[in-house]
Amino acid sequence: MSERMITVIGAGLAGSEAALAAARLGVRVRLYEMRPVKMTPAHRSGNFAELVCSNSLGGEGELQSKGLLQAELRSVGGAIVGAADASKLPAGNALAVERDEFSERVTRAVREHPLIEVRGEEVTAVPDGVAVIASGPLTSDALAADMARVTGSERLSFYDAAAPVIAFDSIDMDVAWRAGRYEQSADYINCPFTKDEYLAFFGALEQARAHTPHDWEKLEFFEGCMPIEEIARRGIDTPRFGPMSPKGLDDPKTGRWPYAVAQLRQEDREGRMWSLVGFQTGLKWGDQKAVVNLIPGLGNAEIVRYGVMHRNTYLNAPQVLESTLQLKADPTKLVAGVLAGTEGYLESAATGWLAGTNAARLALGLPPLTPPAESMLGGLTRYLASANPRGFQPMNVNWALVPELPPQMNEKTGKPRKLGKREKRPVMFRRGLNAFMEWAQTEAGLTVTPPPARELEEAAQPSGAEAAGA
């Protein structure tokens, strides 16, 4: 293999973006895609970047975390978001696409690029040399087995069993409290139930509608990953003798154990995200929110990642990946997309862009890079490398991935003033996009195209309360 050639496995959103990003830096790419020679249960064509579920790449604009990630990718000429913009359908403030047109655009861009050679065959082992592995949630059994060999079999999961993740600043700590069981270290946030609150919660859980999975997603649940709605079907007291047990947790307000407790465990190093312990679920998102909001202390909870239960092959990213998306076990191999522990189309494309860019840099003898923490892509890849590895689940982008703004003091009270979403998110958007563009231009040496001045001006405008100095 040529010194300036890389291999990319998979031509989904992550693999297609990785191949085009590397080729843009002048590196030759050998791209393997097993479809249509060997199909998966979810795909229906041999086109690249086929959208198998929704046709939306997320909300646009400065109030949306995906809007920031879209803007970052646009600034460096990301192929997926470019094809999405060209195939856009009316969808309010969401970036929705005509899926066949979108996929055809990406396929054409890849196949027509003079530096990309497409091979329609299955890869059964991790290749030699610099490579991006972007084989997706339905990675073939043979390649998954070899990934398990390279990374360690206990670091590869074959389905999602995820619980909802809550933004810390939306938890009512006047109701909840921090403690561990039986005076262990206070590593958990505890939400206490009275009997009446528990019965209302259980009733809502019983009524909630479960997703009807596709045939290929049907799961045999392991006892340790049983969905909370399945636990509840075993009897009204089963949850509170299981994941909602109050044993060893003295409520500081009463000095006694509550009737039941929902616990949250820290998900990220900074403590901005907390997951509900033992609340793996396949409930519809609207039902999840309704049920979560019945948990005392979570009445106004902001769910930054909903629970899911479906077939999915992914790595325990914090155990095996660097923030550059390189494998710790072999830095010449990079992983992108769902296999790297991301959730969502846009997240797959973004990690594909970074993995392809860093793979090309390795082939050119340059060091790999990590985007700045203030950027949404930097926040995501830093999270993948540093999240709590215990029960790690794939993550989508959200505002809790990036640092909060410095506190603003209320001059009258001398206390920090809590900013609302509409006040702080446009500022975080502008901060993140500017940091990303400066990084891309100065550190990565890329050509950067800022968004139209009008969009930056709109993102920079403070809300009325902020402008008034409230």
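Strand E12 (residues 260-266) and strand E13 (residues 273-276) pair in the antiparallel sense, and three bridges hold the pairing. The model in which they are described is a predicted one. Within this pair, glutamine 266 stands opposite tryptophan 274 in E13, and leucine 264 has leucine 276 in E13 as its bridge partner. The two strands, E12 and E13, make up a hairpin with six residues between them, and in the turn glycine 271 has a positive phi of about 75°.

E12 also pairs with strand E11 (residues 188-193), again in the antiparallel sense, here over six bridges; in this pairing tyrosine 188 stands opposite arginine 265 in E12. E12 is mostly covered, since six of its seven residues are buried. These strands belong to an open sheet of six, ordered E10-E11-E12-E13-E9-E14, in which the pairing is antiparallel. Its edges are formed by strand E10 (177-179) and strand E14 (303-305), each of which pairs on one side only. On average, neighbouring strands of this sheet are turned by 40° against each other, direction ignored.

A further open sheet has five strands in the order E6-E2-E1-E7-E16, and here the pairing is parallel. Strand E6 (116-119) and strand E16 (333-335) are its edge strands, each pairing on one side only, and the twist averages 20° from one strand to the next. Strand E7 (residues 131-133) is joined to E16 in the parallel sense over three bridges, with valine 335 in E16 as the bridge partner of isoleucine 133. Helix H10 packs on this sheet, touching E1, E7 and E16, and its direction makes about 170° with that of E16.

| Strand pair | Sense | Bridges |
|---|---|---|
| E12 and E13 | antiparallel | three bridges |
| E11 and E12 | antiparallel | six bridges |
| E7 and E16 | parallel | three bridges |

Helix H1 lies across strand E1 (5-9), strand E2 (28-32), E6 and E7, and runs at about 165° to E2. H1 (residues 13-24) also packs with helix H4 (residues 99-111), at an angle of about 35° and with the axes 10 Å apart, and H1 passes H4 in a left-handed crossing. On the H1 side the contact involves Leu13, Ser16 and Leu20, which meet Phe102, Val106, Ala109 and Val110 in H4. By class, the residues of this contact comprise six nonpolar, one polar and no charged.

Helix H11 (residues 376-386) is mostly covered, with eight of its eleven residues buried. The buried residues are Met376, Leu377, Gly378, Gly379, Leu380, Thr381, Tyr383 and Leu384. They pack against helix H2 (65-75), E13, helix H9 (317-320), helix H10 (345-363) and helix H12 (421-442). Among contacts between residues at least 6 apart in sequence, 69% join residues at least 24 apart. The chain exposes about 20,200 Å², of which carbon and sulfur atoms supply 51%.

Notes:
Residues numbered from 1 in each chain as written. Predicted model: local features only at pLDDT ≥ 70, side-chain atom pairs only at ≥ 80, totals over all residues. Heavy atoms only, no water. Axes fitted to C-alpha atoms, helices over the stretch in contact; angles between N-to-C directions. Helix = DSSP H or I, 4+ residues; strand = E, 2+ residues; numbered from the N terminus. Left-handed = near helix turned anticlockwise from the far one by under 90°. Contact = heavy atoms within 4.5 Å. Nonpolar A, V, L, I, M, F, W, Y, C, P; charged D, E, K, R; others polar. Areas by Shrake-Rupley, 256 points an atom, 1.4 Å probe, with all protein chains shown as cover. Pairing = 2+ DSSP bridges. Buried < 20%, exposed > 50% of the residue type's maximum accessible area, 1.4 Å probe, protein only.
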